[in-house]
Amino acid sequence: MNIQTGKIGPNSATSPETGGSGLAVNLDRKRFTIQNQSDSDPLFIKLGASASGSDYHVILAACSGGSTEDGTGGIFTLDGYQGEVSVYASSSADYSVIEFQ
């Protein structure tokens, strides 16, 4: 078993975010995870600036349990990427994010 230790990075959110900023550049980042917390809108993720509905790398499904922040929304985890991560949703982005460094 490989157990990794680390600390929470400065761009992590302790409550669901509603903006489109995602994560700022962090050269100490080892890994990040984003989860869609919306009950209706998919979340578009871009490795870089200015995610949109037509310019993205990953789409995270909305929560399938029928309510916001029920833990069933799509999740994306990436190791080793230290650049900016932007997010977009057609209405208001609702997501949680954590980075490890």
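Biologist: What percentage of the 101 residues of the protein count as buried?

Modeller: The model is a predicted one. A residue counts as buried when its relative accessible area is under 20%. By that criterion, the share of buried residues in the protein is 37%.

Biologist: Is Asn26 buried or exposed?

Modeller: Asn26 is found in the segment before strand S1 (31-36). Its relative accessible area is 8%, and the cut-off for burial is under 20%. Asn26 is therefore classed as buried.

Biologist: Which side chain does the side chain of Asn26 join through a polar contact of 2.8 Å?

Modeller: The side chain of Asn26 reaches a backbone atom, the nitrogen of Asp28, at 2.9 Å. The polar contact of 2.8 Å, by contrast, is between side chains, and the partner of Asn26 there is Gln101.

Biologist: In what order do the three strands of the open sheet lie?

Modeller: The protein has zero helices and six strands, and its pattern along the sequence is β-β-β-β-β-β. Three strands form an open sheet with antiparallel pairing. Its edge strands, each pairing on one side only, are strand S3 (58-60) and strand S5 (85-88). The order is S3-S2-S5.

Biologist: Which residue in S3 stands opposite Ile45?

Modeller: Strand S2 comprises residues 43-47 and runs antiparallel to S3, with three bridges joining the two. Opposite Ile45, the residue in S3 is Val58.

Biologist: Among contacts between residues at least 6 apart in sequence, what percentage join residues at least 24 apart?

Modeller: A contact here requires heavy atoms within 4.5 Å. Among contacts in the protein between residues at least 6 apart in sequence, the share joining residues at least 24 apart is 76%.

Methods: Residues are numbered from 1 along each chain as its sequence is written. This is a predicted model: local features need pLDDT of at least 70, side-chain atom pairs count only at pLDDT 80 or more; totals for chains, interfaces and linings use all residues. Side-chain values use heavy atoms; hydrogens and water are left out. Helices (H or I, at least four residues) and strands (E, at least two) are DSSP runs, numbered from the N terminus. Buried means under 20% relative accessible area, exposed over 50%, partly exposed in between (1.4 Å probe, protein chains only). A polar contact is a pair of N or O atoms within 3.5 Å; within protein, one must be able to donate a hydrogen and the other to accept it, and residues adjacent in sequence count only if both atoms are side-chain atoms. Two strands pair if DSSP finds at least two bridges between them.
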